[in-house]
Structure formats: structure tokens, C-alpha cells
Amino acid sequence: MDNEEIRQKMKSSPRLKRLIDWLIMNQRDARPRWYIRILAPLYQHRGRGSKIYRSVRMDTPPYRKFSLGTRSVVESYSCINNAVGDVLIGDYTRIGLHNTIIGPVTIGSHVNLAQGITVTALNHNFSDSSKRIDEQGVSTSPVTIKDDVWIGANAVILPGVTIGSHCVVAAGAVVTKDIPDNSIAIGVPAVVKKRI
């Protein structure tokens, strides 16, 4: 039985899914339980020469993919979360200090994320005013950052965005729409100011 068959079986049995989720995830802390975290090297893919600093919070349960490419680095105090979608990071990519990445996110090769950046594909649902927001669940829309991208400090990349190859996103920008290849984007919300 492959992973996809297991996922389909879990989806067809909500009770089984809740049980497995409870066994894997600490519901209060919203992260994998300690005994799952010590098994992480068995189910995370880390490329040759890659490094994840010890202070990084790796919220990566085994039912989603986490992959870090060759000679890529995740720097101190970052948080990687693939609980609601895969996080795939290419080769020779640097995830800077205090970054937060919430899947589903695909980051290409030769990408540099400066400090304090948030890349999130997750949104909390809130449209039903008769329910509390925390009762309405979440929705996801994948984020893609293609190869050869530099994102400046404290930028925010929101759900559903694709940033093209050879782009620069200025410090403090909030990216709400796709950025085409070979562009420099700045501002809140980010707009393309120049083509490279």
C-alpha cells in the first residue's frame, strides 16, 4: 500500500483520521508529538550538505512531504510547517533567520530569503458570522517561489502567489498577486516597479 492509498483510506474514515492525527499531532501545541519529532530524520528528505540549525522549529508530521535540497540551509529560529501541505525547498537555497514557512509551499533552487519573512499558503476561514473563526477551519492555496529569487527582510508572501524566476522582492513588501519572471516588486501590496 503506497502513501496515496493510505491517504485515501484515511479520508474515507474520519474516525481513523482523527485517531491518527491525535497520535501524531499535539493538539494544544499544534506540532508533532515528541516521539514523532525524534523520528524526523527517517521521513524528512535532506539533501547532501544541507543544514537545519538546532533552534529551527520543524513542525513536519510524516503524512506530508518535507524536502530540503543539496547544500540548502534553514537558519536559526525559523519555523517550517507542513501540517496542511508539503514544503519542498530546492538546491543551494537559504532560508534566513526567523522565517516562517507554512505549506503547501514550493521554493526553487538558488533562492535567498532574508530575515523575518513569512511565506504562508494557509488562511483561516471566517465567512460564517454565526461561528467563531477557530471553528471554521482553514483553507490553503499553494505558494510557488521559482529559481534564482531574492526576497528582502520582513516580506510577506500570501496564499496562492507565484513568484517567477530571477525576481527581487523588496524588504517589507506584501505579495498578494503573482510576480512575473525577471521583475523587481516593492510595496504594500507589492507591485512590479521594474523589469530586470
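**View 1. One aromatic pair is found in the structure.** Trp34 and Tyr35 make up this pair, arranged edge-to-face, with 5.6 Å centre to centre and 85 degrees between the planes. Here, rings of Phe, Tyr and Trp (its six-membered ring) pair if their centres lie within 6.5 Å, and planes under 30 degrees apart count as stacked, over 60 as edge-to-face and the rest as tilted. Trp34 is exposed at a relative accessible area of 57%, while Tyr35 is partly exposed at 33%. For these words, buried means under 20% relative accessible area, exposed over 50% and partly exposed in between (1.4 Å probe, protein chains only).

A note before moving on: this is a predicted model, in which local features need pLDDT of at least 70 and side-chain atom pairs count only at pLDDT 80 or more, while totals for chains, interfaces and linings use all residues. Residues are numbered from 1 along each chain as its sequence is written, and side-chain values use heavy atoms, leaving out hydrogens and water.

**View 2. Six strands form an open sheet with parallel pairing.** Follow the order E3-E6-E9-E12-E17-E20 across the sheet. Strand E3 (45-46) and E20 are at the edges with a single partner strand each, so one side of each has no neighbour in the sheet. Inside the sheet, strand E6 (residues 66-68) runs parallel to strand E9 (residues 87-89), joined by three bridges; Phe66 has Val87 in E9 as its bridge partner. Strands (E, at least two residues) are DSSP runs, numbered from the N terminus, and two of them pair if DSSP finds at least two bridges between them.

**View 3. Ile163 sits in strand E20 (residues 162-163).** Ile163 counts as buried because its relative accessibility is 0%. Leaving aside residues up to four places away in sequence, Ile163 touches Thr144, Ile145, Lys146, Val149, Ile151, Ile157, Val169 and Ile179, where contact means heavy atoms within 4.5 Å. Ile184 is 21 residues from Ile163 in sequence and 10 Å from Ile163 in space, C-alpha to C-alpha.

**View 4. Eight strands form an open sheet with mixed pairing.** The order to trace is E4-E7-E10-E13-E18-E21-E23-E24. Strand E4 (51-52) and strand E24 (191-195) are the edge strands, each pairing on one side only. Strand E10 (residues 94-95) and strand E13 (residues 112-113) run parallel and are joined by two bridges, with Ile95 and Leu113 as bridge partners.

**View 5. Strand E23 (residues 183-186) shows alternating side chains.** Strand E21 (residues 167-169) pairs with E23 in the parallel sense over two bridges, and Val168 stands opposite Ile184. E23 and E24 run antiparallel, joined by four bridges, and here Ala185 stands opposite Val192. In the hairpin of E23 and E24, four residues lie between the strands, and Gly187 takes a positive phi near 100 degrees.
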